[in-house]
Each structure stands twice: as structure tokens, then as C-alpha cells.
Amino acid sequence: MSRLTILPHLQTQAVRPGPWTISINEQLVIDEVAKSWDYETPIRVACSVDIPSDEIRADCALAPSDQFGLVVSWRSSSTGLKQRADVIDVSGGGSPVVSIDLDPARVGGILTLSRRLVLLGEGRGSNPDSPTRPGSILWQEAPHDSRKLVLEGDASRFPTEVVDFSGGYVGEPEAVWALYLDTEDLEASAMKAIRLYVNAGHPAVRTLMDVGEEPISAAIRSTLIWDVARQMVLAAVGNDEFVENHGRFSGGSIGEVLEAVIEQFWPDRDILSLRALCEQDSARFEYELQARMRLLEGL
Amino acid sequence: MAHVWPRLPHGMAMELLSEVTASHLGALLEGSGLDHQLAAPVATGGTPVPSDHIEKVQESVRGLAEQHGWPESLSRTSVSGFDQPCSVLLHDLMDIVPADAAHEGVWSFLSLVVLPDVSKWRFPDAARDRMIGAPRNVFRRLWWRAEVLGRDALTGEHALGEDELVQIMERPSLSADYRVAREIANVVMSRAPQAGLARSELMRDLAKRVLRLMPVISLDALEDHELAYEIETCCALSAEQLISVESNMGT
């Protein structure tokens, strides 16, 4: 199922966001990876958005005097910071172009750009479901439609550490990997709550690193990814707080990462049916996960 | 212009962690340094921090630790007495940009090469997540507190305590936006004490309440006075609920 947030006021789907343009050091970036970037290299992003104001007013039951604005914002995965451009009053509609100059000293990793339409000031619509509070979100870009840009060399990937387990800090020397998943606070930063340790002293891991393209390495990698996903899904569906708050976790939190893992493999199931599957038909859960992850495919 | 700091590779950091775990504070002081052969700043994007600048940070943090009794153990109640000024000190002196301060290697270098004596004194069990430069690192979390919340939240009579700081800083949606984070801190700090209402509990409930508001209201789009109103309203609701729960438990 898609991530869905039910808002206590009317929304619109009439906004038509245009493509982004991103330039780094005045060079247009077409790929999803910015290769020549560092902390001193300026980044400019721009986009246009079609704002059919009459349709928006009708959808949200706004009063003629209500105003609304376009918010363009970015979020950086490495610093965890987010910022927005100046809010533009688009109550009159049209196709405004917004551009932002990002401070390169505040970004790194994966840059996510997104757009929202919000109520400016108090709303005076007469419909009981009309938005009234300043800042009420009238429309927002779906997370999968947000533009992402990997700032090369700086992107944070799955938090993984390769260490020798014989030191005794992580696990037993004969173990191959250990996933530490802290789900006590599901709003905590995913980068803090997840850590995969891979045993540098294990022959399988040495094989993985030494013969990266061989079938044996592919098999080890496939098994590792499958096991990590399996542990994450089981930790999520077994957590009452996760099930209760599913769909509402904040960006960058461990809750959101667990939601994304589940969404990837079971887009067709809601969280309660997935939990029921785990509890009542574990064999089916296991083979569905193996199949959807293409475990050991191509070997 | 800000500096870029040396980054200690993870593998070397794990090796140094073994040494720190096994060593006493005096040996760590003697073995500390201002550089490491495997630690280097990012190749582009700023001026590498000069050695005398690192030394200044080292001396200042050590001086603060000595004021708080180093090498004698730091009591649990004295922890914030060290952490809060250390946050401000690191932020003022390191001259590092957020992008560089988001890297594990920078903090591993500071904790395990430059100041292992203070790192282990602050966290005597030398737990991995405190010594390696991950988000909960001994110095990394202090620098980020000052960066996000500013010095007002960390100094003075009404400064936030450890539990209160964690409620903001370990929730990425709150700490991502300086304005929201600082407004939450301001509202809690400026609230007059109320009988039966622990400030840490108030912060905990307020943080959750603001998080629930975020999918509905775009807090970052609000004018300053509108944001203050929303956070103050959330805080009043949190206080009301906590006092109600407290009084029901008492009856």
C-alpha cells in the first residue's frame, strides 16, 4: 500500500509540478549523481509548478480571500538538515518558477528536494473541512516523486561497519554478520538506530571482498541482504508501536526506514495483514520474502 | 573560512578503540596527538585545519575537563556541568561546517587521537558508539546541540537538561529545522515551573505532539509568530494532559 496521511482538512491534487533543474557550479546536472561537488561548490535548484488556483480553491473549499503559498525545500541525508526557499504567494495561480541557492556547507549525502502548497494566514472557508490553520498543507509531492541527488563521495548508504569479531566488541568470531536494530524509539534517527557489522575475520567475508564478481560472492551478498531485510521486517511487524503508527513516521527516522523496507516488498499488503501473515502463516511469509527479494537469483 | 578536519578511517578507529578501552587516563593523555598517519581531511572543499588550531581545541577541552575534576570520576549529577559548556566551546572553537561535522571520521579523530583522555573520562566504559564518531559520539552530539539549538539552550539558569536535549536532538524531524528546534527549546525553557509537572516529561510529550502536527501543518512555512503560537499551544496541551494524568493518579 502507498504511504497515506489522512489530513483533518480538504486537500487538492490539482497542482502540477514541473521538472527540476539542478546546476552545480553553473553546470547542469542531468544524472542522479553529482560527481564534481564539494563543500565550497554552490548548488542551485529551480523548478516551475502549475497552480490552477480556481481548482485548488474549489477542492479545498477556500474562501475567496484565502491565500496560499508554494514551499520548496531540501533535506540532506548526511547533515540531517532541511531548509526552504522563501514561501511564494501563488494565490493568483499561474506557473511560478522558484529557485534556491543551497549553502553547500550544510548539505551532503543524498539531497532530497520537495514541494508543498500551504495555507498562508488563517483560512476562512465556510465548509467544516476547509483548512483554517496557517501552514495547513493543501498539497504535497509524494515522497517517491521528490527529486533526489546523490552528492558523490558523500552519500550515506546502509550504515555498515566491517570489523573483526574476534575483538569481542560485536559478536562471536564465528558469526558472519550482526545487525543491531534499536526500535525502542521509532522516531529516532535511522543512522543511529541501525548498524550492520560484518565480520572481517570470517572467510566468507574475505571471499566477498576478494572476489567481488564471482558467483560465490553474489550468493553471500544475496543472503546477507535477505537476512537483513528479514530481520528488519520481523522487528517492525512485531512492534505494536510501529503497527499503530504505520504511515506516520518522520523522514529519516528508523520507523520510516522500516516502512520503506516493507513497502518495497509488500506494496500490496497493509501492515495488519502482513503482521497476520507473520503470525499465522510463517512459511508463506518466508517464501514470499525470498521470492520478492529474488534470493540467490541468477546463480 | 571554515576548516576541514582530518577523518580517521573506521578500521583504524576500531583499533584505537581497543587501546582506549585497555588504557588508563594517564596513558591516554600521554599517547594523544594532533595528527595520525591515516587521518586526512577531505581532499577538496576547504582549508585543512592547522595543527595549532587542533591544539587549541585540545587544550580548551582539557582545561574544561580539569575544571570538572579530571581525572577523578565525573558524577552523574555533574555530567551536564561539563557537557553544556563543552558544547559551546567545541562549536565556537572547531570552526567546522555542518557538512564536515556530519562525518564519522572527524569525530573518531577528535575522540580517539586528540582527546582520548577526556573521551574515556566522560564515558568510562568507552562504549563503541561514544568513541567512534557515530551520531552519539562524545563530542559529535555536543557540537550538533550547539549548532542546532544555539548557546541559549545550553547555558544559563534555564538551560535544557540531558533528557530534554535528547528529545529534540534524537528526533530527526525536529532537529532538522533550526527554527522549530529552537522554538521548542525556548517554549520549554521559558515556562514557569508548575507543581507536579517535570520539565523533562513536558518536553517528551511536547516533542511527540509536535511530530504529530507536522504532517498536517508545514511548520517551516510559518512566520515566526505563527510558529511560536503553534508550539506554545502544543506545550499548553501537553502540560494540561500531564497534570490531568498526575492528578488522576493521586486520587
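**View 1. The crossing of helices H1(B) and H6(B) is left-handed, meaning that the near helix is turned anticlockwise from the far one by less than a right angle.** This is a predicted model, in which local features need pLDDT of at least 70 and side-chain atom pairs count only at pLDDT 80 or more, while totals for chains, interfaces and linings use all residues. Residues are numbered from 1 along each chain as its sequence is written, and chains are lettered from A in the order in which they are written. H1(B) and H6(B), the latter spanning residues 104-114, pack at an angle of about 25° with their axes 10 Å apart. That makes H1(B) roughly parallel to H6(B), a term for angles under 35 degrees. His10(B), Ala13(B), Leu16(B), Leu17(B) and Val20(B) in H1(B) meet Glu104(B), Ser108(B) and Leu112(B) in H6(B), where contact requires C-beta atoms, placed from the backbone, within 7 Å.

**View 2. Chain A and chain B touch through 44 residues from chain A and 34 residues from chain B.** On the side of chain B that touches chain A, helices H1 (10-22), H5 (98-101) and H11 (172-175) each give two or more residues.

**View 3. Helix H1(A), residues 53-60, has the buried residues Ile56(A), Arg57(A) and Cys60(A).** Buried residues have 20 or more other C-beta atoms within 10 Å of their own. Those of H1(A) cover an arc of only 100° around the axis, which puts them on the same side of the helix. What covers these buried residues includes strands S5 (67-76) and S10 (137-140) of chain A. H1(A) is followed by Ala61(A), whose phi is positive, near 50°.

Terms used:
Contact = placed C-beta atoms within 7 Å. Helix = DSSP H or I, 4+ residues; strand = E, 2+ residues; numbered from the N terminus. Buried ≥ 20, exposed ≤ 12 C-beta atoms within 10 Å, placed from the backbone. Arc of directions from axis to C-beta. Axes fitted to C-alpha atoms, helices over the stretch in contact; angles between N-to-C directions. Parallel < 35°, antiparallel > 145°, perpendicular 65-115°, else oblique.
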